[in-house]
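Here are a few notes to read alongside the model.

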Amino acid sequence: QLIEVSDGPLTLIYPGARNVAPELLGDDGSLGIRVVNDDFCSSLIARLRKPLVSTSANISGEAAPGHYGEISETIRELVDYTVPLRMEEKDKKTASSIIKIETDGRFKILR
């Protein structure tokens, strides 16, 4: 239901994740899953037939970039690969809403 009523980018945090690499889990064992609406990302995931793992394009504590041009050079140098798509766009992208799902079905909006 949360996905259906979302009007923008959405990340859901689920409690008690299992069968994933421990590095993907929060301190409380939760796992964040981004709901993908981008055509390129959806196609890539469909072709791989596996989920993708990523992190934010900013260093913890720094402002999140609004477009590719605002990603720090430090981050750009550390990644294995950058898809050469929409790199010239200057439109600011909206950060995703982050909603944490509780084990009893309640949820808390974190952002």
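Predicted model: local features only at pLDDT ≥ 70, side-chain atom pairs only at ≥ 80, totals over all residues.

1. For the overall dimensions, picture a box along the principal axes: the C-alpha atoms of the chain fill roughly 45 × 35 × 30 Å. The accessible surface of the chain is about 9,000 Å², and carbon and sulfur atoms contribute 52% of that surface.

2. How much of the chain counts as buried? The figure is 15% of its 111 residues. As for contacts with a separation of 6 or more, 38% of those in the chain are between residues 24 or more positions apart.

3. On charge, the side chains of the chain include 14 positive and 17 negative ones. The centres of these two sets are 4 Å apart.

4. You will find glycine 61 in the loop that links helix H2 (39–48) with helix H3 (73–78). Is glycine 61 buried or exposed? Its relative accessible area is 82%, and the cut-off for exposed is over 50%, so glycine 61 counts as exposed.

5. Finally, a pair to locate in the viewer: glycine 61 and arginine 18. Along the sequence, 43 residues separate glycine 61 from arginine 18. In space, the distance between the two, C-alpha to C-alpha, is 28 Å.

Technical notes
Residues numbered from 1 in each chain as written. Heavy atoms only, no water. Buried < 20%, exposed > 50% of the residue type's maximum accessible area, 1.4 Å probe, protein only. Contact = heavy atoms within 4.5 Å. Areas by Shrake-Rupley, 256 points an atom, 1.4 Å probe, with all protein chains shown as cover. Lys, Arg positive; Asp, Glu negative; His and termini not counted. Charge placed at Lys NZ, Arg CZ, Asp CG, Glu CD. Helix = DSSP H or I, 4+ residues; strand = E, 2+ residues; numbered from the N terminus.
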